[in-house]
Every structure is written in structure tokens, then in C-alpha cells.
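Please keep the sequence and the model side by side while you read these points.

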Amino acid sequence: KVTFVIENDGYVEVTPRPVTLTSETASKTYDGTPLTKPEVTVTGDGFVQGEVTDIKATGSVTNVSDSPVTNTIEYTTTDKFVEGNYNIKKDEGTLTITPRTVTITSGSASKTYDGTPLTNDEITITGDGFVDGEATAIATGSQTDVGHSDNTIEIIKKDGFDANNYAIELKEGTLTVE
């Protein structure tokens, strides 16, 4: 004869699997193209194979005025996935566009009065410059009579130009008629 004595009822506890998803934080100077960082780092115990696919960060930013943007993490679950089986933490980065620096300098000139306008169309653009096709600059200053004036600068804006994407400094030369 055998007698079983139960001293303590046992139990099995299944705890949620820890998963941390991390998307990148990044920044770049405006260049007219989107900044994306779709890679996601999975740490902790990760997902059980076959339950989650297509893990990616979907953040995208092109212009300074739209910054910063959250680099949002998304993933696709299969029919085997049960939310309660996981303790998922998302550490989402940000994406930022910084302005291009543009310094536009117009030339200086001088002459003795002769009754004709003094101009100087010399322009120098330094710093990051404009993104190709978005803008250019011209010197528009003119001085006819004795005296001096700024060799003014005009920015010719084209399709796609957004002033928020640029930190522009104008350095106007001087036109002097003696």
C-alpha cells in the first residue's frame, strides 16, 4: 500500500518575454532628400521565431520646418502572436534636419564720376550653398551720382525653395562714386 502526501501545491508561472525595440536617432544638414533610418535593433529575449516579421522604423523628414520627427517603430505579427506573451518596450529615436548655411557676398567697386551707373555683378556663395536648382543670387546695386550705396543682393528662388531650410547671411559690398 502506497500513500501520497501533498505538502505544497506546485505551480508553473510563465512570464512575458522581454523585448526592446530601438530605432536610430539621426540628424543631417538639409540636402533636399529625406532622412530615413529604417533599421531597428532588437534586444532582450527577442520575439519567438515566426511570430513577428518586418520590423522597421518608418520615420522620414526632408525639411527643417518638419523636424524633429519620431522614428516610429512598426512590425507585423502573425496569427501565432499573442500580445500578453511579451513585455515590449519601444525606444524610438528622432530624425532632424538642420539648415544649410549660405553666405552670399557681393563685390565692391569704385570709380570717378562720369555720369554712368557703377555696378559690380560679382557674387560669391560660400558655406553649404544652395541645393542645386533651388536658388541663386545676383548683385543688383547701382550708384550713378557721387556717393556710395550697398551693392544689394537679390535671391532668385526657384521651385522647391523653402527659406526655413537655409540660414542665409548677406554681405553686401559697397559701390562708391567719387
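1. A residue is called buried when its relative accessible area is under 20%, exposed when that area is over 50%, and partly exposed in between. In this predicted model, Ser-65 has a relative accessibility of 43%, and therefore counts as partly exposed.

2. Leaving aside residues up to four places away in sequence, Ser-65 touches Asp-162 and Asn-164. Although Ser-65 and Asp-162 are 97 residues apart in sequence, their C-alpha atoms are 9.1 Å apart in space.

3. Turning to the interior, nonpolar side chains in soluble globular proteins tend to be buried together. Here the largest nonpolar core has 17 residues, and Tyr-30, Leu-35, Val-61, Ile-97, Ile-104, Phe-130 and Tyr-166 are those with the most contacts inside it. At least two residues of this core come from each of β10 (94-98), β11 (100-106) and β14 (135-139). Another core, of 9 residues, lies apart from it and includes Phe-47, Val-52, Ile-73 and Tyr-86.

4. Phe-130 deserves a separate look: with residues up to four places away in sequence not counted, its contacts include Ile-104 and Tyr-166, and also Arg-100 and Thr-136.

5. Finally, the strands β2, β10 and β7 form, in that order, an open sheet with mixed pairing. Its edge strands are β2 (26-29) and β7, each of which pairs on one side only. β2 and β10 run parallel and are joined by 4 bridges, and Lys-28 stands opposite Ile-97 in β10.

How values were computed. Residues are numbered from 1 along each chain as its sequence is written. This is a predicted model: local features need pLDDT of at least 70, side-chain atom pairs count only at pLDDT 80 or more; totals for chains, interfaces and linings use all residues. Side-chain values use heavy atoms; hydrogens and water are left out. Buried means under 20% relative accessible area, exposed over 50%, partly exposed in between (1.4 Å probe, protein chains only). Contact means heavy atoms within 4.5 Å. A nonpolar core is a set of buried Ala, Val, Leu, Ile, Met, Phe, Trp, Tyr and Cys residues joined through side-chain atoms within 4.5 Å. Two strands pair if DSSP finds at least two bridges between them.
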